[in-house]
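Please look over the sequence and the model before reading on.

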Amino acid sequence: MYKVLITGSNLPYKEEEVKIFEGVAEVIIAEPVDRNELLELVKEVDAILTDTTKIDKELLSTATKLRVICEYGIGTDNIDVEAATQLGILVCNVPNAYIREVAEHAIALTLILLRDIHRASYDVMQRCIWDFNRYQPKRIVNQVMGLIGLGKIGREVASLACKLGMQVIGYDPYITSPIDGVELVSFEKVLRSSNILSIHVPLTSETKHLISHKEFLLMQDGVIIINVSRGGIIDEKALFEQIQKGKVGGAGLDVLEVEPITSDHPFRKCERIIITPHMAWKSEQSVRLLELTAAKQVRDVLLGKPPLYPVNSVFKG
């Protein structure tokens with residue numbers, strides 16, 4: 001019987017995942033686990049299901065029986081995919097479980113910031129200030145929503161933004177075909193022309209600090225920044241500096257460079273920043289779908305069936 005390790009995840013449907021592997025694999029749930037314990041555990045496993053665990057070359061080299069790794073979600077920046085490929089280990093993910101959820105979260109953050117809801121609510125609830133003259137809410141109609149990244153989530157955000165009456169422009173170096181409702185523009189133009197800039201790209205060596213000091217200087221005064229992708233894509237020091245200067249009017253962040261947030265993080269004292277705890281993906285429907293899709297995909301691979309969502313191309317059946 002195969003062995004499957006679930007680690008780096010606090011998802012709630014593990015019992016249902018275990019049932020999926022009945023008769024196929026023994027499931028080991030290791031939460032939490034330190035590095036040395038993890039290196040021992042992976043020596044005997046055929047598959048790993050994970051969300052946040054760092055799967056690096058050292059671990060992969062130790063896991064001599066490992067056939068498949070599945071990420072609970074889209075981003076695989078915690079996995080050394082190149083090293084896994086060299087070792088013939090399949091990496092797969094679950095890209096379709098929460099596209100709508102992340103898109104809705106991006107739009108929700110946009111609306112809150114445009115309407116100044118976060119500041120008004122804080123003033124009423126924490127300061128007992130009741131004065132609508134303190135705020136300058138804006139209409140969403142005809143605001144220019146700029147998208148960096150036009151994959152499935154970026155396109156869903158574009159669709160929702162269009163329905164709300166926004167003008168949508170977008171940049172994606174891998175997209176050449178027209179997208180309904182989106183004007184494809186250069187990277188520089190999306191920076192210069194957007195009232196709201198929403199980021200939807202994976203974290204890679206190319207996108208690390210994609211938005212930093214130089215990019216902020218190209219943007220319009222008062223621009224709103226939305227990031228529901230990965231924290232490292234935005235240079236947080238540069239963002240904080242530009243918010244302090246008033247160049248950036250507000251930021252809605254579901255992700256940070258280091259998570260969870262530290263008690264002394266400067267963002268915590270900035271009223272023009274909204275931070276949610278990496279929850280854009282989550283809904284009552286998406287969590288269970290995510291877990292069970294990941295588990296079924298790993299089971300199928302162990303049984304010799306092709307994965308639904310391969311990240312690399314090493315499946316041999």
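## Terms and basis

Buried means under 20% relative accessible area, exposed over 50%, and partly exposed in between, computed with a 1.4 Å probe on protein chains only. Helices (H or I, at least four residues) and strands (E, at least two) are DSSP runs, numbered from the N terminus.

This is a predicted model, in which local features need pLDDT of at least 70 and side-chain atom pairs count only at pLDDT 80 or more, while totals for chains, interfaces and linings use all residues. Residues are numbered from 1 along each chain as its sequence is written, and side-chain values use heavy atoms, with hydrogens and water left out.

Strand β10 (residues 223-227) is largely enclosed by the rest of the structure, because five of its five residues are buried. In a regular strand the side chains alternate between the two faces of the sheet. Here Val-223, Ile-225 and Asn-227 are buried on one side, and Ile-224 and Ile-226 are buried on the other.

Two strands pair if DSSP finds at least two bridges between them. β10 pairs in the parallel sense with strand β9 (residues 196-199) over four bridges, with Ser-198 opposite Ile-226. Five bridges join β10 to strand β11 (residues 248-253), also in parallel, and Val-223 stands opposite Val-248. From β10 the chain crosses through helix α10 (residues 236-245) to β11 in a right-handed β-α-β crossover, that is, clockwise from the first strand over the helix to the second when the strands point away from the viewer.

## Helix α5

The 16 residues of helix α5 (residues 99-114) should span 22 Å at 1.5 Å a residue, and the end C-alpha atoms are 23 Å apart, which agrees; the expected span is 1.5 Å times one less than the number of residues. Among the buried residues of α5 are Ile-99, Val-102, His-105 and Leu-109. Asp-116, which follows α5, has a positive phi, near 60°.
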